[in-house]
Amino acid sequence: MRMIRTKLIQAGVALGFLLTMGAGHAVEPAAWGGAPVTVQMTEDGPVLATASGMTLYTWTQEDSSPGKALCANKRYTEGRDPFSNVVPFPNAEHRRTCIDKWRPLLADAKAAPQGPWSLVKRDDGALQWAYERHPLYSSIKDRAPGDVNGQGYTRLGFIGGWRPAFAPLGFPPGVKLVRQPEGLVLATGDGRPLFLRHGPQRICDGCADELEPLRAAAVAHVQGDWSVLEIGNGRRQFAYKGRALFVSPLGMEGRELGAGWAPAVWRRSAGHPTEFSTRFTVIGDVYTTKEGMALYVFSCGSFTGDALSCDDPGDAAAYWALHCGKAEVCAKLWRLVRAPKAARPVGDWSVVDVAVPLYGDTTGSTYLPAEAPSRVKAWAWRGRPLYTFADDGEPGQVLGHGRENATGSGFNAIIVPGSEVQR
Amino acid sequence: MDGAQRLKRRRRPLRWLWVGAVAAPLTFAAPTFSRPPSHAIGLVITSWHYDFYQTPGGKEECPDGFDHDDKQQLRATKDGDEQFKKYGAYEGRGPDGESSHYFPWLIKDVFPFPELRTEKSVGLNLDGTNDGRATDKTCAHDKFTSPEGERVDNQMARVLSCTPAWRPDGFSREFIGQEFEHSPLNRLVVEIAGVDDDRNDPDVVVTIAKGRDKLLASSPGKFVPYLFQRIDERYPRFINTTHGKIVDGVLTTDPIPVMDRSVLWVTHPGEQRLRDARLRLKLTDDGAEGYFAGYEDLKIWWSMYGKGVPGQLGPFSYAGQYGAAMRYADGFKDPATGQCRAISTTYKVTAVRALIPNGSTQDRSRQVAQSGGSRPSDAGVRR
């Protein structure tokens, strides 16, 4: 068991090494403990993935019942809103179930638990793989290895309770990765990004005037690219690839630093398509068209135990109608950002087929692209088609941001990771 | 000398440093006996809320009662249950399930909108008329009379006054008030520059800008004056300049044609646009209080207001309020349709004195002189 865990950690470390060396999309083909699992690099960091590289997720609702799979084949037809009103789901007879949208990572009858890998018996008798007792699922929103499209996206960030199953990284305790405009950046456990000082010095005199050293405990154990520097008076400081790491003192995050500091980038972002740009707004830097008009995505969740998303093709059209009315009106208010033929996916950005119109009857379902009267290629962010908002009258406005209902379903501008302004 | 005494003694210089640090800005900023001949007064706004004439229980101004919410309206609608089943949301009251928040113009309420039945209101005379007749820029409207007997414009009172959420103990009033205090998005600083005499000065330059720093309260509602409050220069379009005058300690500014500001509104970041915005502030040694008034641009206002709390928390009907806002809109007439696109609104504000380290008084004086009172350029909106 211990060997398996070590192997996984080693794989993570090796992966980190490969990536920081510029290896790009590295996959560790491993069958740890018999689980048909690989590690796949994503824009959010390395994740556990299926054998074909599709991101695996865990569900927060299962955190309080370790070893039990709550995502079931049950069709809910109503839920309760935040005021405890019973609310019927529109087009309920066509509503999908949790496992229609979240596919359990099933195990065959011969599978055996090992180390952090265990097996969960589902209600229908099937066996499902779990990692550290969290059952694993893949999302129907992911289309290619490296996608992390499964989470809902609101003005408050990613919601819905689903999160990628991140692979262990072999970092020292209390260090993790956060998304920043530059890419994945080393950070403290509470999310404060770490910084490096430009120049050759390992120990930095005067650096503490602006930032404080990332302290290492006397018993800190490090491996791989990590080391510990003795900085005098018995103090120790973490270093990454031989470079001392610094952090803003608590409560002083976000201030402007003097020249010579750079975020400790673990992996550079793949960036965004050249058709797009960014602009500083009241919510932070947002992605925009070249003309400066904010880009939005639609995200939908529902009030139930399964907290199922309602924004996939084939879901109820009423969720769209609530925000933008009939399909023709909707298309004028929320203008689809079409992709040219030469458009190529990059990082979080891809090209998807979108039904035109999106739906026929507001009480029915949205079309699957193949069933629609016609379809077009559109740009997408994390699998969600992009829109501009007709009411944004001038570049830099984000009047459509947060046009949501009480569940957080609606349209939101896409904020460049790590650039949100303090609200 | 024991260890504890030694430690105490070692700490003394530190204690004096603390005293110095606290006292320095006070010493620097407290009213002095020898001000320079031309100086600047800095203010940071500490509260900002709609100001209406409201009596206990609304008996005088809202005799028809208060507003109803989406749930009450939908349930009273013929086929309301069926509509609810089809679209699964009380706010989905449009003919195709459109939300009352985002398509209020498509929805007809069952319960009538509670009209305001008073002629009293605080406010400023924005259109310059005494009778509210239509002008080139304004639509005909019924003016209010202020407690001082002035004929004033504050048509927003007709939209919100009879909504429980906006009554003195209402949810929205309390929530928005708290947000104003706590969110940097709501921070507003005012720099009055070129002041020769704090009591009477016929021409001063006034900059109103988004601030970047927190307010500090010594107790609820009691804010510490003379702290540093920076202008948030990341947002040039939220920096506005105009001229004004001080008469008997009351600052009155010229209108700012378009004043944009950032807001946090029921947890939603957004913005607000006041047209012909102006300030009337009674200045004191520590701060100021008075009114911020102008014509609220309805499109931008609704982009913010419509995202607010569900109507059940009001209770109120978004459709009813939107309809009233359009009906009572009195400013910025669309020449093509005759519909006014903005509504006169008065906010009551309080402020404390502040030190504005990046006020750039001289630069902005030049800018306002050169631009004839308009805003600095929006070019290069970047951090």
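# Notebook: a predicted two-chain model

**Entry 1: a glycine in chain B.** I started at B:Gly170, which sits in the loop between helix H4 (156-160) and H5 of chain B. I kept in mind throughout that this is a predicted model. Setting aside residues up to four places away in sequence, B:Gly170 touches B:Pro164 and B:Ala165. I also looked up its distance to B:Ser219, 49 residues away in sequence, and got 22 Å from C-alpha to C-alpha.

Entry 2: I moved on to H5(B), residues 171-182. Its 12 residues reach 17 Å from the first C-alpha to the last, close to the 16 Å expected at 1.5 Å a residue. Which residues of H5(B) are buried? I noted B:Ser172, B:Ile176 and B:Phe180. Looking down the axis of H5(B), I saw these buried residues fall within an arc of 65 degrees, so they line one face of the helix. They pack against strand S1 (39-50) and strand S11 (256-265) of chain B.

**Entry 3: a mostly covered helix.** Next came H6(B), residues 298-305, where seven of the eight residues are buried. I listed B:Leu298, B:Ile300, B:Trp301, B:Trp302, B:Ser303, B:Met304 and B:Tyr305. What do the buried residues of H6(B) pack against? My list reads S11, strand S12 (268-283), strand S13 (287-297), helix H7 (318-328) and S15, again of chain B.

Entry 4: For reference, most peptide bonds are trans, and most residues other than glycine have a negative phi. I found a cis peptide bond joining B:Gly314 and B:Pro315, with omega about -10 degrees. B:Pro315 is in the loop between H6 and H7 of chain B. I then turned to B:Asp276, whose phi is near 50 degrees, a positive value in a residue other than glycine. B:Asp276 lies in strand S12 of chain B and counts as buried because it has 21 C-beta neighbours inside 10 Å.

**Entry 5: the chain B totals.** I counted eight helices and 15 strands in chain B. Of its 383 residues, 48% count as buried. Among the contacts in chain B with a separation of 6 or more, 70% are between residues 24 or more positions apart.

**Entry 6: over to chain A.** Here I have four helices and 36 strands, with 43% of the 423 residues counting as buried. For contacts between residues at least 6 apart in sequence, 64% join residues at least 24 apart. How confident is the predictor about chain A, and what is the average pLDDT? The average is 88, and 90% of the residues score at least 70. I flagged residues 1-31 of chain A, where pLDDT stays under 50; the model has 53 contacts beyond four places in sequence for them.

**Entry 7: a loop in chain A.** I found another cis peptide bond between A:Val356 and A:Pro357, with omega about -5 degrees. The loop that holds A:Pro357 runs between S30 and S31 of chain A. A:Leu358 is in the loop between strand S30 (349-356) and strand S31 (374-381). A:Leu358 is buried, with 22 other C-beta atoms within 10 Å. Beyond its neighbours within four places in sequence, A:Leu358 is in contact with A:Trp320, A:Ala327, A:Cys330, A:Thr366 and A:Tyr367. I also checked A:Pro313, 45 residues from A:Leu358 along the chain, and their C-alpha atoms are separated by 8.5 Å. Phi of A:Arg382 is near 50 degrees, positive in a residue other than glycine, and A:Arg382 is buried, with 22 other C-beta atoms within 10 Å.

**Entry 8: cores and contact.** The largest nonpolar core has 163 residues, and among those with the most contacts inside it are A:Leu136 and B:Val189. Strand S15 (residues 340-355) of chain B gives this core its largest share, eight residues. A second, separate core of 21 residues includes A:Leu194 and A:Ala239. Last, I looked at where the chains meet: 25 residues from chain A and 34 residues from chain B take part. H3(A) gives the most to the chain A side, with four residues.

Notes. Residues numbered from 1 in each chain as written. Chains lettered and ligands numbered in written order. Predicted model: local features only at pLDDT ≥ 70, side-chain atom pairs only at ≥ 80, totals over all residues. Contact = placed C-beta atoms within 7 Å. Helix = DSSP H or I, 4+ residues; strand = E, 2+ residues; numbered from the N terminus. Buried ≥ 20, exposed ≤ 12 C-beta atoms within 10 Å, placed from the backbone. Core = buried A, V, L, I, M, F, W, Y, C linked by C-beta atoms within 7 Å. Expected span 1.5 Å × (residues − 1). Arc of directions from axis to C-beta. pLDDT = per-residue confidence, 0-100.
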